[in-house]
Amino acid sequence: MGTYHQERPNTIKVELTEGCNLYCQMCGLRGIREKPGGPYLFMGLDMARVISRRISKAGWNSKIEFTMRGEPLLNPDTARIIRIFRKDLPNTHIMVTSNGIPLLRKPGVFKNLDRLFHCGLNILAMDCYEASKKTEAQVRQYRDVPVTDYPGGPSPYSKVKASVQRIILIEDFEKAAIEASRLGNKIVNNHCGAGAPQLEEPLAKRCARPFRELVFRFDGNVLLCCNSWRGLYKCGDVEDYESVDDLWNNAAFMAARRKLYHKDRDFGECAGCDNTSFRVGLLPDYRGQKKLRKPNLEDEKAIHRAMKGGPWTEPVLRPWESEEKED
């Protein structure tokens, strides 16, 4: 099998804000924050430049999505950060996933949208929660870019050319999570126990996330995947790597991939995660033609190092976790 080099990720998720103005029932935010609101932790311009330039230097054209453990539009520098990424990555899909409520701030919804798209945004994917109805009504009147609905229209998760600009209004995901555990092709996950109870036994299934997505926290630290809200499994700090490709192929990532490739989720947050992936036969490469060896002692040591020192973010115990602690 030789030495395997993981191909670039499909998606790079960048956290502009830790913390949210909402506190949705199914959200992993409840596993790291006791209530909605601040204090917010923001990605700064310098960190955004580091990440953007590392990606540009690697020659990657992965989809960029500003999302993760909070509301990105609360960051006062969101538009400037979009501009930074657009300058460094002129041909890349850049997307913001938001509840839209911060668009109501001065100077108003239309001018705030104008600025985002002028700075180089492709897709604004707006989750239309009950609390977002006022914003939704105004956004539907915006005429400078097409406004579509999902489900029913284009998927917000499909990559587009850098010349495409669109607002996609997503059906109330919190309601869909409660009623059907999914919305379109998006399945509600337990966020490794931060959003819903962990599994009692690990799934004996492959997971594609650490093969297909690279996730940066607001501070430049790197998570194993977007379901790791607490950061128990730590994959490194972007500033410790001159090459983002070296980061993407470091020992922590590769050890986790070998375990997941062989359907072994008995480590870290993966042990209680309920995520299921599509097309897991096409791993580790995009055609499914290569193989990963089984994990060895060096991989187990790498996993131990990745979890040493506890999680990056202090957990807020959920009811099911408090019950377990009492038992």
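In helix α3 (residues 109-118), V109, N112, L113, L116 and F117 are buried, where buried means under 20% relative accessible area, exposed over 50% and partly exposed in between (1.4 Å probe, protein chains only). Seen down the axis of α3, these buried residues fall within an arc of 130 degrees, so they line one face of the helix. The arc is that of the directions from the helix axis to the C-beta atoms.

This is a predicted model, in which local features need pLDDT of at least 70, side-chain atom pairs count only at pLDDT 80 or more, and totals for chains, interfaces and linings use all residues. Residues are numbered from 1 along each chain as its sequence is written, and side-chain values use heavy atoms, with hydrogens and water left out. Helices (H or I, at least four residues) and strands (E, at least two) are DSSP runs, numbered from the N terminus.

- An α-helix has 3.6 residues a turn, so residues three or four places apart point the same way.
- K111 and H118 lie on the other side of α3, and they are exposed.
- The buried residues of α3 pack against two helices, α2 and α4 (133-139), and against the strands β6 (123-127) and β8 (166-170).
- Just after α3 comes G120, with a positive phi of about 120 degrees.

**Q138 in helix α4**

- Q138 sits in helix α4.
- Q138 is partly exposed, at a relative accessible area of 29%.
- Leaving aside neighbours within four places in sequence, Q138 is in contact (heavy atoms within 4.5 Å) with L104, V109 and F110.
- Q138 and V109 are 29 residues apart in sequence, yet their C-alpha atoms are 7.0 Å apart in space.

- Strand β1 (residues 11-14) pairs with β4 in the parallel sense, over 4 bridges; two strands pair if DSSP finds at least two bridges between them.
- T11 stands opposite K63 of β4.
- Strand β5 (residues 94-98) also pairs with β4 in the parallel sense, over 3 bridges.
- V96 in β5 is the bridge partner of F66.
- β4, helix α2 (residues 78-88) and β5 form a right-handed β-α-β unit.
- Right-handed here means that, with the strands pointing away from the viewer, the path from the first strand over the helix to the second runs clockwise.

**Loop residue R217**

- R217 lies in the loop between β11 (213-216) and β12 (221-223).
- R217 is buried, with a relative accessible area of 4%.
- The side chain of R217 makes a polar contact with the side chain of T313, at 2.9 Å.
- A polar contact is a pair of N or O atoms within 3.5 Å; within protein, one must be able to donate a hydrogen and the other to accept it, and residues adjacent in sequence count only if both atoms are side-chain atoms.
- Not counting residues up to four places away in sequence, R217 touches E15, M43, R69, L223, W312 and T313.

**Loop residue L283**

- L283 is in the loop between α8 (251-261) and α9 (297-307).
- L283 is buried, at 1% relative accessible area.
- Beyond neighbours within four places in sequence, the contacts of L283 include R206, C207, A208, F211 and R212.
- Y261, G288 and K290 are also in contact with L283.
- L283 and R86 are 197 residues apart along the chain, and 30 Å separates their C-alpha atoms.

**Loop residue S155**

- S155 belongs to the loop between β7 (147-150) and β8.
- Setting aside residues up to four places away in sequence, S155 touches Y150 and I168.
- The side chain of S155 reaches the backbone nitrogen of Y157 at 3.1 Å.

**Cysteines**

- The whole structure has 0 disulfides, a disulfide being a pair of cysteine sulfur atoms within 2.5 Å.
- C225 is in no disulfide, and its nearest cysteine sulfur, that of C226, is 5.2 Å away.
- C225 is buried, with a relative accessible area of 9%.
- For C273, the closest cysteine sulfur is in C192, at 4.1 Å, too far for a bond.
- C273 counts as buried, at 6% relative accessibility.
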